[in-house]
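The following note sets out some points for a colleague who is new to reading structures. Please keep the model in view while going through them.

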Amino acid sequence: MAVAAETSILCDPLSSAAGWSDYSKLKAVSSRHPGRIAGSIIVVLILALIAQSLITNPRWEWGVVAEYFSAESVLRGLGVTLILTIVSATLGFIFGALIALARMSKSPILSGTAWVYTWFFRSVPLLVLLVVIYNWGYLYEYVGLGIPFSDISFFKLKTVTLMGPITTAIIGLSFNEAAYSAEIIRGGILSVDQGQLEAAASLGISRSRRFTRIVLPQAMRAIIPNAFNDLTGLVKGTSIVYVLAVYDLFHTVQVIYNRTQRVLPMLLVAVVWYVILTTILSIVQYYVERAFAKGSAHSLPKTPPQKLFAFIASIPGLIARWFGTAALANEKGGERDACDD
Amino acid sequence: MPATIEEEVVEEVIAGAKTNPSSEALGRIEVRGVNKYFGSLHVLRDVSLDIEAGKVTSIIGPSGSGKTTLLRSINHLEKVDSGYIAIDDELVGYRRKGDRLYELKEKEILRRRSRVAMVFQNFNLFPHMTALENVIEAPVSVRGLTKAQAIEEGKAFLSRVGLGDRAGAYPNQLSGGQKQRVAIARALAMKPKVILFDEPTSALDPELVGEVLEVIDSLATGGTTLVVVTHELAFAREVSDKVVFFDKGKPLEFGPPLQLFNNPRCERTAEFLSKLL
């Protein structure tokens, strides 16, 4: 303690040392970025041009877009797209998680099979996969449940009656999704430091709890951005089911423009809906990421609504400061003049 | 549950004439003829060592001499290739029945592991949990405390390492020394018989080493067996009851710090010490 007191006497803070030039009263001017300004002007011009053409070109037929935007058939198609996305994403991620775990298993049979699954379903184009599954009825006429390698059978159904276009679409999309999500999940789990597992093990925490409480919450931080990337891909990817004559958003729009010949405005209807869906996903992603960011940053950044409210609340202060600094600048100018004398 | 009690009885009977462990201090570690290979690298060469219960034993020696591997083997984070390690006559990772050793089931490994805590070189705190959450995680899930009990205890342990006021901080908001002290509190919260320190100050700024060593020093008289792998020779000399000098996968010299530091028997020990002191 005595030593500390002594040093504090000996060591004066540098800032007050005599003989140093004092810059603290001067005004700092940030450097200019002419390239940035020029770039911004060009981008604004291009955006204005796009907006102008979208509004003034009559061939976009915004009237038709508005008319069909919330038409019953379009909404029904949107519903099918949503169902396909939600069901195949859920099944795909559950199955994908199992495959990821199998892939990391110490059993060569489990990890090998998982590897082959991922390899195969990533190799086959989704379009081809869907058509093959659609033709399953030709390969295997009946689907049933029984005891393998025996004649005992509990029920038997014709494949064609069991697997309609929507079921086929969901099976194909889920299988495909599982292959990709397995890799995403595996990547997330691998990104967690091995020391975390050792620390948990050395505390005697059980294997399952180690995974759910320690590894998974940390893996989620790496999994979520990729998973949402994949999910937005899936939302749009569902449009491929038109080959099975499933009336999803895209196929419905297609059928309508084949009848009315209003191709571009109808495509625009689909585009706007897809944009809305991905926008919602992006917003959800933002908040999910935030929820898993615990402990990663010193303090979490504000959410956009919080920022907006904070900005509105700060307006009176900003105005006051604007006028205040103007007055202060005058004052400072005076001070500096005085020094020159 | 009854199954494990039975197993314990079997074991004690087999342990035979040995004295009842509950009557003496707990946390005696017995290492016998341990060999460990990483591929073709022979990291532990026929290591035999007795670590006394309730005492502080420091393991010093050059990098790569197998100190850390020995520590990890005591906690069964590494499997030894031959020989055995026992803590209070319970084999680490195996159960003896007749003249055979059976590898323990995961559950039993965990039960035994919870009596041995480990403090790592790079802390390994759980980054998504606050200091307090780090400390109470194992007491709740392994020792079966209620959350309220665990929190009360956890706060006491954090105060004991001088961090009572930082319970709500995430590891990222703590300095290296503070992180290591939270890790020590986390180890203490399991009320272990043995605490293993794996170079606890190696990842710290010199300025922060002191605060961690002070905490370890304060544990020295608590009756827990402490095994510290360290490069802080001054600490080893002042705090430990026994010092082991490890070289090339073997304990070369073992004795009280005064003797080992002032009159090393082996030339190799003297050479190592002269480089560092």
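1. The model discussed here is predicted.

2. Is A:Ala245 buried or exposed? A:Ala245 counts as exposed, because it has 10 C-beta neighbours inside 10 Å. In chain A, A:Ala245 belongs to the loop between α11 (207-237) and α12 (249-260). The C-alpha atom of A:Ala245 is separated by 9.1 Å from that of A:Ile166, although the two residues are 79 residues apart along the chain.

3. The domain assignment divides chain A into domain 1 (52-297) and domain 2 (302-341). Between the C-alpha centres of domain 1 and domain 2 of chain A there is a distance of 51 Å.

4. Backbone angles deserve attention in chain B. Most residues other than glycine have a negative phi. B:Asp46, by contrast, has a positive phi, near 50°, and is a residue other than glycine. B:Asp46 is part of strand β2 (residues 41-51) of chain B. Since 13 C-beta neighbours lie inside 10 Å, B:Asp46 counts as partly exposed.

5. Where in chain B is B:Lys248 found? B:Lys248 is in the loop between β11 (242-247) and β12 (250-255). Its phi is positive, about 50°, although B:Lys248 is not a glycine. B:Lys248 counts as partly exposed because it has 14 C-beta neighbours inside 10 Å.

Key. Residues numbered from 1 in each chain as written. Chains lettered and ligands numbered in written order. Predicted model: local features only at pLDDT ≥ 70, side-chain atom pairs only at ≥ 80, totals over all residues. Helix = DSSP H or I, 4+ residues; strand = E, 2+ residues; numbered from the N terminus. Buried ≥ 20, exposed ≤ 12 C-beta atoms within 10 Å, placed from the backbone. Domains from an automatic or database assignment.
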